[in-house]
Amino acid sequence: MRKAEDRLIQLLLGALTLITGLLLAFLIFFIFRESLPAIREVGLKALLLGDSWRPIIYSDAPSFGFRNMILSTLYVSALAVFFALIVGVGCALYLACAATERQRTLVMPYIDLLASIPSVVYGFAGLYIVVKFFETCGMATGES
């Protein structure tokens with residue numbers, strides 16, 4: 001009986017994995033198909049390496065350039081990894097080398113709780129708490 005249940009679960013997980021892979025392939029195909037008119041009109045090189053994004057005609061012709069968006073994404077990601085690395089390694093070194101057993105038992109549940117929260121929730125909190133804080137200070141937030 002146990003082997004039959006294991007085999008059923010294995011088949012179910014395999015089917016779900018296959019469906020997930022097919023959905024991903026469909027999304028890639030759909031996005032590529034929908035972007036073909038822009039690639040044909042502008043060209044792939046100009047689309048990826050262009051430095052201005054003006055999809056609406058303001059002057060002579062629209063401009064579709066992803067370079068600034070790609071570079072800013074890489075910059076923000078590198079900055080986030082840098083700060084996360086500093087905090088993560090610092091906490092790990094403190095807990096492994098400097099903290100007493102009582103401190104470890106006190107802090108570890110909170111670290112586990114923070115690790116269990118999806119990163120989307122942190123992004124949502126940043127969008128609605130940190131951005132609003134900067135707006136009240138009169139600073140630009142980059143939401144536009």
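What pLDDT does the protein chain average, and what share of the residues score at least 70? In this predicted model, the protein chain averages a pLDDT of 88, and 94% of the residues score at least 70.

**View 1. Confidence along the elements of the protein chain.** Helix α1 (residues 2-42) has the highest mean pLDDT among the elements, 93. The lowest, 75, belongs to strand β1 (residues 53-54).

**View 2. Helix α1, its bend and its end.** The end C-alpha atoms of α1 are 59 Å apart, which agrees with the 60 Å that its 41 residues should span at 1.5 Å a residue. At Ser 35 the helix bends by about 40°, and Pro 37 follows within four residues.

**View 3. Phe 26 and Phe 30 in helix α1.** The structure holds four aromatic pairs. In one of them, Phe 26 and Phe 30 are stacked, at 6.3 Å centre to centre with 25° between the planes. The two residues are about one helical turn apart, because four residues separate their positions in α1. Phe 30 is partly exposed, at a relative accessible area of 35%.

View 4. Phe 124 is exposed, since its relative accessible area of 53% is over 50%. Tyr 128, at 46%, counts as partly exposed.

**View 5. Helix α5, its kink and its end.** The 18 residues of α5 (119-136) reach 25 Å from first C-alpha to last, close to the expected 26 Å. A kink of about 30° is centred on Gly 126. Gly 138 follows α5 and has a positive phi, near 80°.

Notes
Residues numbered from 1 in each chain as written. Predicted model: local features only at pLDDT ≥ 70, side-chain atom pairs only at ≥ 80, totals over all residues. Heavy atoms only, no water. pLDDT = per-residue confidence, 0-100. Expected span 1.5 Å × (residues − 1). Bend = angle between axes of the 7 residues up to and from the residue. Phe/Tyr/Trp six-rings, centres within 6.5 Å; stacked < 30°, edge-to-face > 60°. Buried < 20%, exposed > 50% of the residue type's maximum accessible area, 1.4 Å probe, protein only.
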